[in-house]
Amino acid sequence: MTARRILIVEDEKPIRDMIAFGLRRAGFDVTEAEDTRAARTAIADARPDLILVDWMLPDASGLELTRAIKKDKDTKEVPVIMLTARAEEQDKVAGLEGGADDYVTKPFSPRELLARINAVLRRSSTVSTEEVIDAGQLRLDAAGHRVLCGEATVALGPTEYRLLSFFITHAERVYTRSQLLDRVWGGNVYVEERTVDVHIRRLRKALEAFGCDAYVQTVRGSGYRFSTRSL
Ligand code: CA
């Protein structure tokens, strides 16, 4: 297996060097860019498997770069982790709304960053149709197009099935309503954000019979998260 390629977009050289050093040691193929212009060139040269984007860059903001990456059909599937010195909730939401898959607040340890990178890479790897994924009491049987709890099939409408299979394959992270619309309903269809709430309610109801409704969690001010960890 070839090494996964990570692009680091960070203007502060000492930080960039530290990250690059840690990632190379962990076996990644690392490319570096000091601003968004260099990042675009690097992305065009060779598509990275993941991009680390600093929020504050000299020529444009990391958020703008992230939006551009997520808008481009060639790169929208590439996961982005934002590096930010801003820990405020509204900035986190802005980052996620902009399409970032995760964010890490400075200062962070190389070990913490590596853990987040590995988690995002695991989530982003496409689910093969053969795959069966366990999530707490639930089991996603993608080939059978169903979700099981023990031996029983959870009764789900087509939208609830899509929503739940997305959640199971993207567990433990928060998605805003607009991200869910984009990822589960497809970005080209106009659906109101309230629709998400309706289907979340139906999904919880379907899971209630199996005592699994608490897996679908409301994150105040942000959106929803699927988690099998106890609250
Ligand atoms: Ca910076």
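In the predicted model, strand 7 and strand 8 form a hairpin with four residues between them. His145 lies in the turn and has a positive phi of about 55°. Arg139 has Leu148 of strand 8 as its bridge partner.

Strand 8 also forms a hairpin with strand 9, with two residues between them. Here Gly150 sits in the turn, with a positive phi of about 65°. Strand 9 comprises residues 152–153 and pairs with strand 8 in the antiparallel sense over two bridges. Cys149 stands opposite Ala152 of strand 9.

Helix 6 spans residues 158–169, twelve residues in total. From first C-alpha to last, helix 6 reaches 17 Å, close to the expected 16 Å. Ten of its twelve residues are buried, so helix 6 is largely enclosed by the rest of the structure. Among the buried residues are Tyr161, Phe166 and Phe167, as well as Glu160.

A calcium ion has four protein donor residues: Asp11 (OD), Glu12 (OE), Asp54 (OD) and Met56 (O). Glu12 lies in the loop between strand 1 (5–9) and helix 1 (13–25), and Asp54 in strand 3 (residues 50–54), so the pair ties together parts that are 42 residues apart in sequence. Glu12 is partly exposed, at 38% relative accessibility. Asp54 is buried, with a relative accessible area of 3%.

Note on methods
Residues are numbered from 1 along each chain as its sequence is written. This is a predicted model: local features need pLDDT of at least 70, side-chain atom pairs count only at pLDDT 80 or more; totals for chains, interfaces and linings use all residues. Side-chain values use heavy atoms; hydrogens and water are left out. The expected span of a helix is 1.5 Å times one less than its number of residues. Buried means under 20% relative accessible area, exposed over 50%, partly exposed in between (1.4 Å probe, protein chains only). Donors are N, O and S atoms within 2.8 Å of the metal (3.2 Å for Na, K and Ca); water is not among the atoms, so sites may look incomplete. Two strands pair if DSSP finds at least two bridges between them.
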